[in-house]
Structures are given as structure tokens and as C-alpha cells.
Amino acid sequence: MTLHEIPLERRTLHGHFSRELEPARAIESGDSISFSAPDAGWGIGAPSDDRGTRERFEPRDPELDRGRPLIGPVEVRGARAGQTLEVRIEEVRVGSWGITDAGGWSTPLNERLGVADGEPATLVWELDPDAGSGRDRAGREVRLRPFLGVLGMPPPEPGVHSTTPPRPCGGNVDCKELVAGTTLYLPIPVDGALFSAGDGHAAQGDGEVSQLAIEAPVEPARLTLVVRDDLPLRTPIAWTPAAWLTLGFDRDLDEAAAVAIDAMLELLGREHGLGRREALALASVVVDLRVTQMVNDVQGVHAALAHDALRFTRMG
């Protein structure tokens with residue numbers, strides 16, 4: 001197994017998904033990658049004022065780099081569409097600063113809350129990754145749980161695709177549970193996988209209701225990529241030390257929940273040999289539904305089955 005260090009430079013950064021992008025690196029299944037990345041706004045320097053003004057990575061293409069800056073794509077040799085990519089999240093470390101904006105732009109939620117107009121509110125954070133804490137300029141402290149907001153591959157259709165929505169093949173998933181020590185499983189949409197990652201989050205609540213977490217540079221992240229042909233999937237699932245997660249995405253929150261529940265029924269069948277109706281009955285007792293995020297054009301829901309939720313004893 002080999003560790004590939006991918007430098008932060010123009011040729012390794014892109015602000016969109018496309019199966020036509022030239023791979024930044026080609027690796028073998030089971031190899032690891034290590035990289036740093038700008039924050040979601042391409043920021044690479046600490047904020048100089050309370051509005052979050054900061055140096056940004058240049059040069060950028062005004063059309064192709066409108067999205068979140070991602071490292072990659074990484075080709076995994078031998079990966080084929082229809083297989084599954086196992087993404088082991090070994091390390092996620094953020095830099096010493098971050099920002100969170102709220103309001104000031106038009107989204108359905110901002111419109112509903114009456115905060116779409118005017119200047120956004122900005123929280124500027126000083127981060128201590130070693131202590132696992134962050135403090136804003138008003139002195140409010142939070143605990144850090146760093147993770148990557150974007151982990152994914154391009155859709156199979158040709159052309160340029162936004163980094164904003166999550167998709168069955170991953171992307172802007174924004175699931176706060178995907179911290180170091182967890183594993184994400186993604187359906188591979190294109191040969192070679194062409195995996196990309198970025199969008200460092202120092203901390204986030206379920207829902208990501210302002211549209212931003214503590215957006216921070218990544219310094220660094222380390223992932224191991226493994227191709228699986230024994231785990232067919234239609235939507236992402238994840239293993240954490242606490243639970244199995246199944247994720248659903250759709251413009252309609254109810255449909256996103258249905259996708260997550262359907263994947264959980266498949267997981268219960270695979271892990272415990274249950275039929276769908278029995279699995280649904282049991283899920284109603286032991287599975288929790290959580291809103292992953294509701295701000296990226298497509299809604300996200302994850303279903304969680306805690307590892308200690310089920311105990312089996314023989315009757316009679």
C-alpha cells in the first residue's frame with residue numbers, strides 16, 4: 001500500500017465535477033492519499049477583519065471554478081462503474097481559522113426566515129486543532145469535529161456538474177458524522193472512479209441551517225480508497241464507531257427520507273438476514289432519522305442504526 005501526497009496547486013484543484021477532467025493522480029486500490037485544500041470559498045489566508053476578508057487561491061476560472069475547491073480527481077486503477085468505492089477517512093485536520101456566514105443571499109430557507117436581504121452576519125473563528133476547540137471574536141467556544149463536506153465522484157453524464165448538490169455517487173454530502181475513523185461507501189458512477197474531496201468543516205450541526213459550517217482550510221486530510229465488487233449500492237452508506245448510516249438525497253425532504261430508509265432496509269437484510277417488512281418494523285423501533293443538510297439545492301437525510309441497538313438472545 002502506498003501513500004500519495006497530492007500538492008495544493010492549480011493542476012490538482014478544480015471547482016466542478018466532470019468525468020472529462022484529467023486525473024491529478026492515479027493510484028491502486030488500497031492506496032492512500034494525503035492533501036491540503038482551501039476553504040469552501042477558496043480561502044488560503046486567515047481573515048483580516050470581522051467580515052471574513054481573506055486571501056483566496058489564484059488563478060481561478062470564473063466559470064469552471066465557481067464551486068467548492070476540490071483536490072483531484074484521483075483515478076483508482078481497475079475501478080469500474082457499478083462497483084463500490086470504500087473511502088476510509090484516516091485523518092482530517094483543519095487550519096487555525098474558519099468562518100461562518102448567515103443570511104444576505106436568497107435561498108428558500110433564508111426567504112422563509114426573512115434574512116435573505118442585507119449584509120450577512122459573519123462569525124470569524126480562531127481554531128485550535130490540537131485542543132479540538134474553536135472561539136469566535138465574541139468569545140463563544142465550540143468543540144471541533146472536523147470532516148470533509150465533499151467526498152465524491154462525477155455523474156456519468158458528460159459535461160460540467162456543480163459541486164453544490166450531493167448525489168448518489170457522493171459530492172457535497174455535508175454529513176457531520178464522517179470524521180476520522182469512519183468509512184464511507186459510494187456507488188462508482190464512472191470507470192476509474194475519478195474521486196475528489198475538499199470543503200473542510202471544523203464543526204457543523206445536523207441540517208447546516210445557515211448553509212455554512214465552520215468553513216476552514218484542510219491541513220491535511222488522509223484517505224484510503226478501496227474498490228469493492230461485493231457491495232452493490234444505489235446510495236451512500238457509512239460505518240462509524242457508533243452506528244451504520246444510510247444516506248438519501250432528493251429535492252423533496254420526504255423522498256430523501258424514503259431513500260435513506262430503503263437503503264437501511266437493505267442494510268438490515270444484508271447484516272441481519274431480515275425481509276423488508278420485518279426490517280421496516282424493526283427500523284421503526286431502533287433506527288433514527290436525521291436531517292443531514294437542507295441547504296444544497298438537494299435535501300439530505302441519514303438513517304442511523306446504532307451498533308448496540310440490537311441484541312440477539314435465543315428464545316426457549
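The side chains of asparagine 172 and asparagine 296 are joined by a polar contact of 3.2 Å; such a contact is a pair of N or O atoms within 3.5 Å, where within protein one must be able to donate a hydrogen and the other to accept it, and residues adjacent in sequence count only if both atoms are side-chain atoms. This is a predicted model, in which local features need pLDDT of at least 70 and side-chain atom pairs count only at pLDDT 80 or more, while totals for chains, interfaces and linings use all residues. Residues are numbered from 1 along each chain as its sequence is written, and side-chain values use heavy atoms, with hydrogens and water left out.

Asparagine 172 belongs to strand 13 (residues 170-172); strands (E, at least two residues) are DSSP runs, numbered from the N terminus. Its side chain also reaches the backbone oxygen of threonine 164, at 2.8 Å. Asparagine 172 counts as buried because its relative accessibility is 0%, where buried means under 20% relative accessible area, exposed over 50% and partly exposed in between (1.4 Å probe, protein chains only). Leaving aside residues up to four places away in sequence, the residues that asparagine 172 touches include Arg68, Gly149, Asp199 and Asn296; contact here means heavy atoms within 4.5 Å.

Turning to strand 14 (residues 183-187), five of its five residues are buried. In a regular strand the side chains alternate between the two faces of the sheet. In strand 14 both faces are covered, with Thr183, Tyr185 and Pro187 on one side and Leu184 and Leu186 on the other. Strand 14 runs antiparallel to strand 6 (residues 84-94), to which five bridges join it; two strands pair if DSSP finds at least two bridges between them. Strand 14 is also antiparallel to strand 17 (residues 237-239), here with three bridges. Tyrosine 185 takes part on both sides: tyrosine 185 is the bridge partner of glutamate 86 and stands opposite isoleucine 237 in strand 17.

Some backbone details are worth a look as well. A cis peptide bond, with omega about 0°, links glutamate 58 to proline 59, and proline 59 sits in the loop between strand 4 (32-37) and strand 5 (70-76). The bond from glutamate 219 to proline 220 is also cis, with omega near -5°, but proline 220 is found in strand 16 (residues 218-228).

Alanine 193, although not a glycine, has a positive phi of about 70°. Alanine 193 lies in the loop between strand 14 and strand 15 (195-201) and is buried, with a relative accessible area of 0%.

Notes
Helices (H or I, at least four residues) and strands (E, at least two) are DSSP runs, numbered from the N terminus.
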